[in-house]
Amino acid sequence: VTLDAEGRMVTANDAAVTLLGVPRDRLVGATARDRFAGPNSWILDNLARTETSGETALAVDAELVRPD
């Protein structure tokens, strides 16, 4: 998944579609805040840290909660 400056998803590859359990057309155009709220909010925390510090946050052995 890639995000634009406003935090809107502009691309989502096949792996993202599979991992997130959401069709590509529902990912692209959605905001990270909309897509990663709730149990996946740790992703928003990492994005905020990256935006503030400029450093990439690496999530190893991370767990995503799918909507299904």
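Me: Why is aspartate 14 called exposed?

Reply: This is a predicted model, and its values are computed. Aspartate 14 has a relative accessibility of 57%. Exposed means over 50%, so aspartate 14 counts as exposed.

Me: What makes aspartate 14 and arginine 24 a salt bridge?

Reply: The closest N and O atoms of arginine 24 and aspartate 14 are 2.5 Å apart. The rule asks for a side-chain nitrogen of Lys or Arg within 4 Å of a carboxyl oxygen of Asp or Glu, so the pair is a salt bridge. The bridge links distant parts of the chain: aspartate 14 is in helix 1 and arginine 24 is in helix 2, 10 residues apart.

Me: Is arginine 24 buried, exposed or partly exposed, and why?

Reply: Arginine 24 has 36% relative accessibility. Buried is under 20% and exposed is over 50%, with partly exposed in between, so arginine 24 counts as partly exposed.

Me: How many salt bridges does the rule give?

Reply: The count comes to two. One of them joins aspartate 68 to arginine 66, with the closest N and O atoms 2.6 Å apart. That distance is within the 4 Å limit, so this pair qualifies as well.

Me: What labels do aspartate 68 and arginine 66 get, and why?

Reply: Aspartate 68 has a relative accessible area of 68%, and the cut-off for exposed is over 50%, so aspartate 68 is exposed. Arginine 66 has 36%, which lies between the two cut-offs of 20% and 50%, so arginine 66 is partly exposed.

Me: Why is valine 22 called buried?

Reply: Valine 22 has 4% relative accessibility. Buried means under 20%, so valine 22 counts as buried. Valine 22 sits in the loop between helix 1 (14–20) and helix 2 (24–27).

Me: How do you know which residues valine 22 is in contact with?

Reply: Contact means heavy atoms within 4.5 Å. Leaving aside neighbours within four places in sequence, valine 22 meets this with Val17, Leu27, Arg35 and Pro67. The C-alpha atoms of valine 22 and arginine 66 are 8.1 Å apart, although the two residues are 44 residues apart in sequence.

Me: Why is asparagine 40 called buried?

Reply: Asparagine 40 has 5% relative accessibility, and the cut-off for buried is under 20%, so asparagine 40 counts as buried. Its place is the loop between helix 3 (32–35) and helix 4. Beyond its neighbours within four places in sequence, asparagine 40 is in contact with Glu63, Leu64 and Val65.

Me: What makes valine 28 partly exposed?

Reply: The value for valine 28 is 36%. Valine 28 is in the loop between helix 2 and helix 3. Apart from neighbours within four places in sequence, valine 28 is in contact with Met9, Val10, Thr11 and Ala12.

Me: Why is asparagine 13 called partly exposed?

Reply: Asparagine 13 has a relative accessible area of 45%. Exposed would need over 50% and buried under 20%, so asparagine 13 is partly exposed. Asparagine 13 lies in the loop between strand 2 (9–11) and helix 1.

Me: Which residues are closest to the centre of the largest pocket?

Reply: The largest pocket holds about 490 Å³ of space. Of its 19 lining residues, the closest to the centre are Val1, Phe36, Trp42, Ile43 and Leu47. Helix 4 gives the most to the lining, with five residues.

Methods:
Residues are numbered from 1 along each chain as its sequence is written. This is a predicted model: local features need pLDDT of at least 70, side-chain atom pairs count only at pLDDT 80 or more; totals for chains, interfaces and linings use all residues. Side-chain values use heavy atoms; hydrogens and water are left out. Helices (H or I, at least four residues) and strands (E, at least two) are DSSP runs, numbered from the N terminus. Buried means under 20% relative accessible area, exposed over 50%, partly exposed in between (1.4 Å probe, protein chains only). On a 1 Å grid over the protein atoms alone, a cavity is a set of points where a 1.4 Å probe fits but cannot get out, and a pocket is an open set with protein on both sides within 12 Å along at least five of seven lines; lining residues have an atom within 4 Å of a point. Grid points are joined across faces, edges and corners, and a volume is the space filled by probe spheres set on the points.
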